[in-house]
Each structure stands twice: as C-alpha cells, then as structure tokens.
Amino acid sequence: MKKILSLLALLSVTVFAFSQNPKYISAMEKNVAALDTTRDGLKLQALANNFERITSAEKTEWLPCYYAAYCYVNMTYSTKGDAIDTYCDKADKFIHVADSISPNNSEIYTLRAQIASARISVNPMSRGQKYGTMSGEFREKAKELDKTNPRPYYLEGTAYFYTPPMFGGGKDKAKPVFEKAATMYEAFKPASSIAPNWGKNSTQYFIKECDKK
Amino acid sequence: MKRIFSLFTLILLSSTAIWAQTKVSGKVLDQKKQPIPGVNVFIKDTYDGVSTDVDGNYSFAAADTGDVILVFSFIGFDKIEKKVHLGSKDFSFSPTMKEALNELKVVTISAGTIEASDEKKTTVLKPLDIVTTAGAQGDIVGALKTLPGAQQIGESEGLFVRGGEGSETKTIIDGMVVNKPFFSSAPDIASRGRFSPFLFKGTVFSTGGYSAQYGQGMSSVLALETQDLPDRTSSTLAISSVGLGGGYNKLWKEKNASAGFDLNYANLLPYFKTVKQTPEYTRAPQFSGGSVNFRKKTSSSGMLKFYAYVNLSDLGIKTLSIDSTNGFKNLFELNNSDVYTNLTYKERLGEKLLLNIGASYSTNVDNIKTWTDSIRSQSDMTQGRIVLSRGIGKLSIIRIGGEYQYTFDEFKLDGAKNGYNYHIKNAIYDNYSAEFVEADIYITPKLVWRAGARGEYTTLEKEYVISPRTSVALKLGDKSQISLAYGQFYQKPDRDYMFYPQVPGYNKATHYIANIQRVDDLHTLRAEVYYKKYDNLTNALDSTNNGFGYAQGLDIFWRDKKTIEGVDYWISYTYLETKRKYQAYPKEVTPPFAAKHTASLVFKKFFEKLNLSTGFTYTYASGRPYYNPNNPEFMSDKTIDYHALGINGAYLRQIKNCFAVLAFSVTNVIGNDQIFGYRYSYDGKQSAAVTPPAKRFFFVGVFLSFGQNRSKEVIDNNN
C-alpha cells in the first residue's frame with residue numbers, strides 16, 4: 001500500500017513537473033499575451049503556427065491545440081467565402097484533439113460554438129439553421145460544464161447581436177446577455193496565467209454598440 | 001529512488017539546457033515559383049521552428065542535432081515531412097509545396113449536368129434556389145424549367161429536354177426510379193410534381209450524356225437525393241389559399257435517428273370560386289395525402305432511410321366539345337390513388353469500398369369517367385438496386401451495380417355508346433434488369449476520363465442491349481473547364497404501346513455534348529453544344545421502332561450574384577433545332593413540343609432590413625408547331641410566341657421559437673395570351689386553342705416551423 005502511495009505521489013509529482021515545464025509555460029505566456037494585440041492576418045497565422053509547434057512537442061496539453069484553433073477561427077473574420085470553411089476545418093481539427101485530451105471542458109465547447117457560428121457567414125440563408133442550432137447547443141453545453149465561464153454568454157450576446165430582429169435577434173436582446181457576461185467576467189478568475197481569459201474587452205465594446213441607435 | 005531523481009533532474013535540465021545549435025534556413029515556394037508566406041517550418045516534436053515571412057524566407061536555430069524530421073505545413077498545401085541530418089554546419093533547404101487537392105481544384109464531369117447542392121461547392125444552384133424561383137410555385141420541375149435545355153411546355157407535365165418528350169426524362173430518388181413523379185392530370189392541363197423540394201438535399205438535372213448508373217431516359221435524368229438527419233426536432237404548419245398541411249419530425253437525443261410524418265389536404269374549390277377558370281369544373285381538384293420517413297445512422301458511415309408517400313386526388317372537368325355545334329360538353333372525371341415507398345441503405349465496407357442498396361414499391365391507379373366510358377388504369381413497380389463503389393488512389397473510383405424492376409400495367413375500359421356495350425381489358429408485366437460498370441479515372445487532378453457501359457434486358461422486348469457511355473473533363477484554370485460526353489440511351493416504348501399485340505422495339509438516342517464552363521463564388525458561365533440522334537423511335541403506323549430524328553442546339557447559362565448589391569440573377573438561353581418522324585407522323589418534322597428559342601431571366605433580391613425576399617422570372621419561348629388538318633403541309637403551323645412574367649415574395653420572421661414565412665406568388669402578371677397549340681374537330685372545320693385553365697394563378701400562404709430547440713428554452717428561462 002505504501003509503495004503504491006509513494007508511486008502515486010511520485011507520479012503526481014512528475015505530472016506536475018511536466019505540466020509546469022518552464023519552457024512550456026514561458027512559450028505559452030508569450031504567445032497568449034500576443035493574442036490580444038494581433039489582428040493582422042500574417043501575424044495571426046504566425047501565432048497559430050507557434051501554437052501548432054507547441055502542440056507538436058506537448059502532446060498531452062490541450063491549451064496549445066485550443067489556442068491554435070482560436071487563432072484559426074479568428075482568421076475567418078478577415079476573409080470570406082470558401083476560405084472561411086478552410087480555416088474552420090483547420091480549427092475543428094485542433095479543437096477535436098484538444099477535446100480528446102481534455103473531455104467535457106467548458107472552454108473547448110465555447111470554442112466549438114464559435115467555430116460553428118463562423119461557418120454560418122459562408123451562406124447565412126442556407127446555413128443559418130444548421131450551424132445556428134449547432135452553435136447554440138455547444139454554447140449551452142459550455143454553460144453547463146462551467147457555470148462561472150462568461151465566454152459562452154459573450155458568444156450568445158454576439159449571436160443575438162448579429163441576428164436581425166425579425167429572426168429573433170437584435171441589439172435589445174443582445175444587451176442583457178452581454179451585461180450578464182460582463183458581471184461574470186468581473187468574478188471570473190482564470191485557472192492559470194495561460195488559461196483562456198478573452199472576451200472581456202469585447203463584451204464592453206458590444207455593450208456600447210448596443211446602446212448606439 | 002536516487003536514480004529516479006537524477007533522471008528527473010536530467011529531464012528538467014534537458015528541456016531548458018541549450019545544447020549545440022544549428023541554423024536552419026531557406027525559402028518556400030509554390031508550384032508557380034511564388035513565395036508562400038506564413039508556412040509553419042519546424043522540427044517535428046520540438047518547439048524549434050518559425051513561420052516564413054512575406055517573401056517565403058525562414059531561418060531558425062535548432063537545438064536538436066542528428067537525424068530529425070523537418071516539417072513544412074500550411075493551410076491548403078500538402079504537408080512536407082523531410083528527414084534531414086543536422087550537424088554542426090548551417091543547414092539550408094528550400095522546398096516547393098504542392099497545393100492540396102480539394103473539391104475546387106479537382107475537375108468534375110460537367111457536360112450535360114446541372115447540379116444543386118449545399119455540400120458541393122462547384123454547383124450552379126443551391127437547393128434553396130428551387131424554392132425561391134418565381135413562377136415555379138415551389139415545384140422542382142417548375143424551377144428546373146428556368147435552366148437551359150428545358151422547354152416551356154404548359155399543356156402537359158414533365159421535363160421536355162433538348163427535343164425530347166416528357167417521357168424521355170426519368171425521375172430518380174436516392175437511385176430508385178419513380179414511376180409516376182407527377183400528379184395525374186386532366187387533358188391539356190399540366191400537373192405538378194408529387195414531391196416537395198424540401199425533401200431533398202441535392203438535385204442533379206442531367207440534360208444528356210449522363211452516367212451508366214441510370215437508364216431508360218432517352219433525353220434526361222433528374223436524380224434527387226433525400227435529406228439526411230434533420231438539425232433538430234421540429235413541427236411545421238402550412239395554411240394557404242389552396243389548402244392546409246402539417247408535419248412533425250423528431251430527432252432522437254443521441255442524434256443518430258429521426259422519424260417524422262406530414263399530412264396535407266388541398267382543395268381548389270374556394271380558389272376557383274374566386275378566380276374564374278376557363279374549363280367548367282364539376283369537381284374542383286382535391287388532394288389528400290401524407291408521408292412518413294425514418295432515418296437512422298447505423299454506424300459512423302452507415303445510413304438507413306425509409307420514405308413512404310400516399311396521395312389520393314380527385315377532379316372533374318367539362319370542356320366544350322369541338323366536334324359539336326350545339327354546345328355539347330365533354331366530361332372527364334379523374335380519381336387517382338398513388339403510393340410510393342423507398343428504402344435505402346448505405347455503408348462503408350472498408351476504407352475504400354462503399355455499398356449502396358435500395359428497394360422500392362409503388363402503385364398508381366387512375367379511375368377515369370367520361371359520358372360513355374369508365375376506365376381503370378393501374379401501374380405498379382417493384383424494384384431493387386445494388387451499387388458497389390471502390391476508390392482507387394486518391395481520386396479515381398470504379399462503380400459496379402445492378403438493378404431489377406418488375407412492372408405491372410393494367411388497362412380496363414367499360415363503355416356504352418348508342419346502345420352498344422364494349423369492354424377492353426389488357427394487362428402486361430415486364431421484368432427489366434440492368435447491370436453497369438463505370439470508372440472515373442483521374443489521369444491528373446485536372447483531367448478525368450469516365451468510361452462506362454450499361455447492359456439492359458426486358459422480358460417484354462426479349463433483347464439485350466449494351467449502351468456505352470463516356471466523358472472527359474479538363475480543368476483549364478482554377479475556375480474554367482471543358483468537358484465532352486458521348487453516350488447511347490435506350491428506352492422502352494411509352495406505356496400505351498406496350499399494350500399493342502406487337503410491342504415496338506426499344507427507342508434509342510445517341511448524345512454528343514461539348515461543354516465549357518467557368519464557375520467562381522459569385523459568377524457562373526456555361527455554354528454547351530450538343531447533337532442528339534434518334535435512331536429508333538416508335539412508329540405507331542406499323543408498330544415498329546423504325547422512327548427516327550435528331551436534335552441539335554446550344555444552351556447558355558449565366559448567373560451573377562455580385563454585380564448588383566443584394567441581387568442574384570440568372571439568364572438562360574436555349575437554341576433548339578429538332579425533327580423527328582415517329583408515332584403516326586407522315587414525315588420528319590419539328591414536333592409540337594419544341595420551340596426554336598427559349599430564354600429565361602430569373603431575378604432575386606433580398607431586402608435584409610425588411611426581411612423580405614422578392615423575385616421575378618421572365619420566360620420567353622418562340623412559337624411551337626401544331627397540327628392543322630386543313631394545311632396540306634404537315635405540322636407547319638406555329639403558335640404565337642410565349643411570354644410569362646411570374647413574381648413572388650416572402651416575408652420572414654422569427655417569433656420566439658417559431659419561424660414564420662408569409663409567401664405569395666402570381667404567374668403571368670402581365671396577362672399575356674399563352675397558347676400551347678390547337679385542337680381540331682374530326683372534320684377540321686372547328687378548332688380550339690389549348691390555353692392554361694386561367695390566365696394567372698395567385699397564391700398566398702403562411703408557413704410556420706416550430707423548432708424544439710432546448711437551448712432556446714434555457715435562454716427564455718434565464719431571462
């Protein structure tokens with residue numbers, strides 16, 4: 001029994017040691033910090049590449065995959081047409097790997113919701129229903145998995161914001177959801193220096209946009 | 001324990017320690033020698049690497065030395081993994097990356113084929129286009145008639161393609177033939193297709209030269225593919241100026257199965273009371289029917305689908321007899337019942353082997369009454385089909401399959417005229433079997449050659465025929481391609497001739513098609529020339545198949561979604577030259593179902609702020625020949641030109657979890673005279689124009705769809 005316990009202790013120490021691999025943490029911190037300021041296509045691609053390289057070395061970490069997917073879904077916003085699908089396919093590939101490493105993760109489901117709604121813009125008329133439903137389901141799952149995560153609420157706000165009032169969306173509906181997200185962001189503490197912590201500023205931006213006529 | 005600790009320190013050290021470093025650099029180019037920026041260049045399983053700059057250059061220091069794998073990865077290109085040896089010296093490598101194959105870069109056979117699909121990117125139409133085309137009234141065939149190759153025939157249903165009759169187009173659902181795709185109709189009044197466009201996720205309309213997978217359509221094939229699992233559980237309700245309908249479709253929570261039904265009833269009596277019709281209806285058309293469907297994902301790649309359709313329809317009509325001068329009216333009463341079922345299953349049997357099997361049964365009974373006769377006409381079809389497809393290499397594919405159809409046709413007539421009773425009863429059955437093999441061989445991703453053959457045998461004809469089919473397509477650039485097709489197509493003679501004591505032999509057509517097209521996200525341009533030779537057509541005079549004919553022409557299609565903001569329009573033009581000697585024709589002439597020039601302009605605009613989608617369709621066809629017994633030159637008279645302007649509109653709105661569409665449409669808004677031909681009395685002294693039953697058709701309807709979306713409920717509860 002003692003032996004097993006000490007073995008277990010050792011194991012947890014090693015896992016701890018590996019996950020706290022300083023090289024990993026410093027590489028991630030540097031790239032995660034750059035995410036907030038990077039909008040340019042080529043720089044975002046380079047950032048995605050950085051995360052992809054980290055995934056290649058750190059096969060048991062979900063965050064590099066998560067962030068690589070996050071970069072690709074953000075790249076869709078500066079393109080249109082079929083290219084959106086190409087980026088979403090790439091993002092999906094990474095997020096599935098992330099999901100297999102860390103199942104039932106609220107942040108991962110949030111990103112899956114974001115990828116699904118990015119696909120709508122290729123052809124809103126024919127895709128709205130399918131991907132809108134899919135995105136909504138991922139969002140609800142994300143909320144269920146972590147009740148303190150503000151990001152699914154932020155995404156829900158954007159979904160309302162970009163849906164015309166006649167289709168059940170609109171600024172009036174979006175605003176209370178953004179406000180709920182904003183209060184949740186105040187209370188939210190990221191798990192670590194490299195854990196997902198985006199969307200707070202954008203929420204404030206959208207609240208202001210909702211007030212505009 | 002000590003040893004483990006030292007190992008542990010070693011691992012920790014190794015990850016931070018900097019050992020020998022080697023500079024790795026180079027430039028990444030594509031196949032056109034252009035630099036690729038943003039390529040991820042790295043040593044596999046390490047942090048070491050960099051992205052290429054704007055000029056495709058890269059340079060980084062690798063901590064690892066020895067044998068490593070250098071990776072080049074970029075979206076849209078094939079990944080390169082190269083084993084290299086890194087020593088103490090700088091290492092330089094400048095690869096050329098190959099564009100990855102995707103749907104847009106691989107050529108597909110386009111000659112004779114117009115496709116509507118959401119899944120494929122290179123298609124000319126989307127399934128939604130079929131529903132939103134003005135003038136089509138939500139009818140699949142109505143929408144396809146705005147495409148080049150099809151004729152504007154208003155007096156009978158069906159797709160009349162490139163000089164072919166309506167019966168030369170076969171309708172196929174999930175590979176299974178539909179014996180009676182249209183509602184039964186009264187003489188000289190076209191009916192609609194039986195199936196709702198919302199049933200299908202893909203439509204392939206072939207105007208000729210089609211695959212060896214299909215047969216028995218001398219001119220054309222309309223292949224429809226049913227929807228897979230729905231996105232969610234939903235119910236629908238429709239109320240319109242012609243009837244009501246509703247349905248429910250349930251998606252299982254595991255999202256691996258769905259089941260649904262719909263019921264509908266239409267009665268044109270209220271409408272006919274409001275809008276006067278030319279013929280006198282003794283019984284206004286009435287339709288009642290429903291369908292059930294079941295779909296199940298049997299595995300990650302397996303899918304089982306069942307669909308069953310039942311419909312009963314009824315109508316009665318009185319028309320002025322052209323043979324009498326005292327206002328005598330002919331009576332035509334029709335009562336129809338139709339059942340169609342379709343069961344299909346597909347599954348991947350190995351990484352590269354796909355199995356498709358299907359079975360279908362249908363039965364259709366028409367009961368017709370005139371003043372003197374009472375007719376019962378029945379058509380049943382039972383069929384089975386199996387297809388195996390095997391992928392070869394990355395793109396090539398070979399398909400082998402067979403099908404079998406058993407048809408039973410019965411015709412009964414009981415009549416009484418001038419105190420004399422007569423009875424006719426005829427029944428025939430036929431066993432039709434076919435097998436085919438076809439290969440799509442990709443010589444390069446830009447050049448594909450399709451070669452196939454189909455063998456067919458029917459017990460009625462007792463003759464085995466083989467029809468070779470082949471086509472080739474070459475991609476000229478990213479967006480343009482040319483394609484050629486050739487094929488032979490056999491068809492049994494029309495149903496009426498099968499009751500003849502001596503059944504005429506197979507009808508046969510040979511197609512030659514050349515096509516050029518350019519497709520990008522927002523524009524489509526297609527031009528196609530063709531020559532079709534009819535070697536054997538039914539000669540009713542001697543009950544043989546020594547009739548003959550030809551058709552040749554040009555089809556042009558242009559679609560533009562970009563030039564005018566928020567507007568999507570297409571223009572199609574069809575030039576057709578055709579003559580045939582068949583049925584009881586004394587000589588080779590242009591048949592009455594062929595106009596020399598046909599053109600359509602389809603225009604759609606979505607007003608986003610108003611949530612209003614509107615459109616119009618303008619169609620023109622030059623006059624068609626008709627038979628005038630007083631003219632010694634057979635079939636040399638021509639009708640006036642045909643003009644039709646149809647408009648439609650839909651207002652869309654979401655109320656809670658209900659999606660509502662308020663739709664309207666009007667055909668022939670301007671009220672142009674439309675004449676499809678003339679009927680003459682026996683003595684030729686009197687004639688009557690064949691016209692639509694009313695100048696215009698108005699339609700208003702509300703469609704409600706209630707999505708049972710649990711996430712929505714959650715939102716509503718939270719707020």
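Before going on, a word on the model. It is predicted, so local features need pLDDT of at least 70 and side-chain atom pairs count only at pLDDT 80 or more, while totals for chains, interfaces and linings use all residues. Residues are numbered from 1 along each chain as its sequence is written, with chains lettered from A and ligands numbered from 1 in the order in which they are written.

**Stop one: helix H2 of chain A**

Now colour Tyr24(A), Ala27(A), Met28(A), Asn31(A) and Val32(A), the buried residues of H2(A). Look down the axis: they fall within an arc of 125°, so they line one face of the helix. The arc is taken from the directions from the helix axis to the C-beta atoms. Show helix H3 (41–57) and helix H4 (62–75) of chain A too, as the buried residues of H2(A) pack against them.

**Stop two: strand S3 of chain B**

Jump to residues 40–43 of chain B, which are strand S3. Asn40(B) and Phe42(B) point one way, Val41(B) and Ile43(B) the other, and all are buried. S3(B) runs antiparallel to S4(B), with three bridges joining them, and antiparallel to S6(B) (residues 66–73), with four bridges; strands pair if DSSP finds at least two bridges between them.

Click on Phe42(B): its bridge partner is Gly49(B) in S4(B) and Val71(B) in S6(B). In the hairpin of S3(B) and S4(B), five residues lie between the strands, and Asp45(B) among the hairpin residues takes a positive phi near 65°.

**Stop three: where the chains meet**

Show both chains. The contact takes 33 residues from chain B and 32 from chain A, two residues being in contact if their C-beta atoms, placed from the backbone, lie within 7 Å. On the chain B side, elements giving two or more residues include helix H1 (2–16), strand S36 (642–655) and helix H6 (710–718).

Methods. A residue is buried if 20 or more other C-beta atoms lie within 10 Å of its own, exposed if 12 or fewer, and partly exposed in between; C-beta atoms are placed from the backbone.
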